[in-house]
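I opened this entry to look up how the parts of the model sit against each other. My notes follow in the order I checked things.

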Amino acid sequence: MENIIEQIAACVEKGKVNKQSPFPPDMKDQDGADEIAAAALKNNIPPDVLLDGCMLGMDRIGVKFSENKVFVPELLMAAKAMNEVMKHLKPFLESGAVKHKGKFVIGTVSGDLHDIGKNLVAMTIKGSGFEIIDLGVDVPSEKFIKTIRENPGCFVGLSALLTTTMANMEKSVQAIRDHCPETKILIGGAPVNQNFCEKIGADFYSPDPQKAAEYMNRSSAGT
Amino acid sequence: MSIEVLTIIGESINDSVPSTHQLFEDSNIEGILELAKYQDEKGAKYIDVNIGLREPGFMADLVKKIQKVTSKPLSIDTPDIEIAAAGLEAYQPELANHQKPILNSISRLRLNMFDLYKNQPFIPILLTTEDVNENGESVMNHTAEATYNTAKKMMKIAEQSMDDFSNDQCILDPGIVPIGSDSEGYFKRLMESAARIHSDPDLAGVNMSVGLSNFTVMLPPKCADGSPVKSALESAFLTMAMPLGLNMVIGSVKRKYRILEESHPAMQCLSDILQLDGFDVIVRVMEFYS
């Protein structure tokens, strides 16, 4: 089983999607995340083992990304490989046989249509074992609040790329605080920083996707 | 500048550039003015000024101070109409060889910015990447046709709003996205949008500009062999886009933009990407720098 975790983790970390995929060149013609996950389930490996493999792989690539050792394309390929495994896990997640660690509601704030950062964070958090509820771009505060109410105990992540939409981020954080005071709010995006996070009363500022995943893992473990 | 016919709007004075943000935070106006002077000396034709979310009065002061150290016209960069109004009002064309400032930028959601034209005529950058739907909400354009249609509409509105309108007094921004995450074919659509705009006789003479540095954000600085990633891909982009009417960029005066041979690896990379879809684009970009 250790072996399967490691094999899945290696495919995710390196972005080896399936056997056909030419990337990475040094894994050419080898089985990818797709084949390894399918074979494991066929051999009655418990599905949560596959999830552990995804988490380990995404954690490794996430750390490398925060250290500037890899860049966005590598992170995207890792997420794609992870998604191949997730396709196999979908029935188990839906039946409840495999449980998510929690839920993460994410969107870009009102007025902001830029979603690359949001997508990277969503992928990384998904790889960390959380269910993602992606509200997309230009999300009004009311929509965040409605979704939080439908998903009690969820985390919420707000993204802004523009300095001008930071004001809307502040309004959304305030509105979420007013209506759902217990919700843990994460913020991120190019113009956002720790000072701003403290000023607007969000719970966590994440400079990169991995730090957000680590924060949510800590929080959901109750430490 | 290595490409004579390319107009560079110097991008450095922008609150979203971390080092510049720090200058703003430290109230280091001298540092900001140095950026203006440096970009002027290095060949920028316009100096972009983006102060982020600061007060309109700050924009007005900064415009006045920058105009004391450069005779290049400015590009007032904000989506906020009050900051734009303050910047335009403070701007003195006579200190810039009687050239108009650029207003960066006007989108379908911000058409009221044209109201500022009567007090200070400007050259608008018209965003064509977004439009408004029937509910008045902003939506991204996801096809070249939609982008082109928005361009036509924006030019029509500009014509009605500017006294001395002519196509060459407007700049269309067809939108550029980072190539390193372009699994949805934005680059392909950008080239198609530019081609459609360029071939429309009604739009003859209109300027086209993109925020070029966006193209290569989130990529490593160097290829595995030590050659630069960003200037190569940006130059390849210019080599392909300039024949389609792109004649301006908001960009860096430090980058050595140049026209590349077709055999250059960066040119081959972008040519291949025009034929690829989805994650194959990402893989091809990685292949370029690996």
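I began with the domains of chain A. The centres of domain 1 of chain A and domain 2 of chain A, taken over C-alpha atoms, are 26 Å apart. Domain 1 covers 2-95 and domain 2 covers 103-220; such bounds come from an automatic or database domain assignment.

I noted the ground rules. This is a predicted model, in which local features need pLDDT of at least 70, side-chain atom pairs count only at pLDDT 80 or more, and totals for chains, interfaces and linings use all residues. Residues are numbered from 1 along each chain as its sequence is written, while chains are lettered from A and ligands numbered from 1 in the order in which they are written.

Next I looked up the contact between the two domains of chain A. Domain 1 of chain A gives 12 residues and domain 2 of chain A gives 11 residues (contact: C-beta atoms, placed from the backbone, within 7 Å). On the domain 1 side, α3 (47-66) and α4 (72-95) of chain A each give two or more residues. Helices here are DSSP runs of H or I with at least four residues, strands are E runs of at least two, and both are numbered from the N terminus. α3(A) has the largest share of that side, eight residues. By class, the side has 10 nonpolar, two polar and no charged residues. Ala, Val, Leu, Ile, Met, Phe, Trp, Tyr, Cys and Pro count as nonpolar, Asp, Glu, Lys and Arg as charged, and the others, Gly among them, as polar.

I stayed with α3(A). Its buried residues include Pro47(A), Leu51(A), Asp59(A) and Phe65(A). Buried means 20 or more other C-beta atoms within 10 Å of a residue's own, exposed 12 or fewer, partly exposed in between, with C-beta atoms placed from the backbone. Among the elements covering the buried residues of α3(A) are α1 (2-14), α5 (116-127) and α9 (209-220) of chain A. Just after α3(A), Asn68(A) has a positive phi of about 60°.

I then checked Val121(A), which lies in helix α5 of chain A. Why does Val121(A) count as buried? Because Val121(A) has 25 C-beta neighbours inside 10 Å. Val121(A) and Pro209(A) are 88 residues apart in sequence, yet 4.6 Å apart in space, C-alpha to C-alpha.

Last came the chain interface. There, 21 residues of chain B contact 18 residues of chain A. α9(B) gives the most to the chain B side, five residues.
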